[in-house]
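Please look through the sequence and the structure below before reading on.

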Amino acid sequence: MASITCPNCQTVAGEGATTCPSCGNALGAHEATAFSASAPPPPAASYAASAPPPPAAPASSAHHAKPQVKFDFAALSQTDRLVGGGSLVLFIALFLPWFSVKLGVLGSATASGLSTHGYLYVTLILTLGVLGLLVAEALGLWKLPSTSQLSRDQILLIATVINLVLVVIAFVFKPSGLGVVKVGWSWGAFVALVAAVVAAFPLGWPIIQARRGKS
């Protein structure tokens, strides 16, 4: 329903009124039209509510990116590199020819360390453990817990010393040949012996020096 505002005293009169009830001023139809035109527009919120929501932004590709695993060679100390390198060569040397037998006109035959001495499988397992620990640390995948009773270097020292002892025993006690043939050493045995020394020396030498300093 349209109302009429008196232009003289601004009193609002009802629809159809011809005179202002307050001051008696005559009211025309144009006042009603002007008042209706001045009515406030509907709130913008109603238009905003009916408008479709904006399209969702595409998900960032960062959420789908997989963490990159990179071998950090700089994370390994010089000692770690010697231990790791010696252990790797020792692992390979276990499959090389350690002993050779001359068979006269038939030529010669060779045997690896693993095929001759079964206890060298302990060395095989320990070298894999040493290499696994160093690689896991370089990749940032795993580290020895701080609650471990033995330190990282102590574990590596024990493993490499056991390997050295077993390799020395296997090197010294070569097969007898049953008194029929003469068994000699082949190049794989020397490679394994040197590799075992290289792997254990960087960890054991500081301890030897420390004990000499105390004596």
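## Buried or exposed

A residue is called buried when its relative accessible area is under 20%, exposed when that area is over 50%, and partly exposed in between. The model discussed here is a predicted one. Phe171, at 13% relative accessibility, is therefore counted as buried, and Leu157 is buried as well because its relative accessibility is 17%.

Ser186 sits in the loop between strand 5 (183–185) and helix 7 (187–214), and its relative accessibility of 10% means that Ser186 also counts as buried. When neighbours within four places in sequence are left aside, Ser186 is in contact with Pro97, Trp98, Phe99 and Ser100.

Val167, if residues up to four places away in sequence are not counted, touches Leu90, Trp98, Leu120, Thr123, Ala192, Leu193 and Ala196.

Leu157 belongs to helix 6 (residues 152–172), and, apart from neighbours within four places in sequence, Leu157 is in contact with Ala200, Leu203, Gly204 and Ile207. Although Leu157 and Phe201 are 44 residues apart in sequence, their C-alpha atoms are 8.9 Å apart in space.

## A nonpolar surface patch

Tyr119, Val161, Val165, Val168, Ile169, Val172 and Phe173 together make a nonpolar surface patch of about 560 Å². Tyr119 is located in the loop between helix 4 (113–116) and helix 5, and it counts as partly exposed because its relative accessibility is 32%.

## Aromatic pairs

The model has five aromatic pairs. One of them joins Phe91 and Phe95 in an edge-to-face arrangement, with 5.6 Å from centre to centre and 70 degrees between the planes. Phe91 is partly exposed because its relative accessibility is 23%, and Phe95 is likewise partly exposed, with a relative accessible area of 48%.

Phe171 and Phe190 form another edge-to-face pair, at 5.3 Å centre to centre and with 75 degrees between the planes. This pair links distant parts of the chain, since Phe171 is in helix 6 and Phe190 in helix 7, 19 residues apart. Whereas Phe171 is buried, Phe190 counts as partly exposed at 41% relative accessibility. Phe171, Trp185 and Phe190 form one aromatic cluster.

Terms used
Residues numbered from 1 in each chain as written. Predicted model: local features only at pLDDT ≥ 70, side-chain atom pairs only at ≥ 80, totals over all residues. Heavy atoms only, no water. Helix = DSSP H or I, 4+ residues; strand = E, 2+ residues; numbered from the N terminus. Buried < 20%, exposed > 50% of the residue type's maximum accessible area, 1.4 Å probe, protein only. Contact = heavy atoms within 4.5 Å. Patch = residues over 30% accessible without salt bridge, like charges linked within 9 Å, V, L, I, M, F, W, Y side chains within 5 Å. Areas by Shrake-Rupley, 256 points an atom, 1.4 Å probe, with all protein chains shown as cover. Salt bridge = Lys/Arg side-chain N within 4 Å of Asp/Glu carboxyl O. Phe/Tyr/Trp six-rings, centres within 6.5 Å; stacked < 30°, edge-to-face > 60°.
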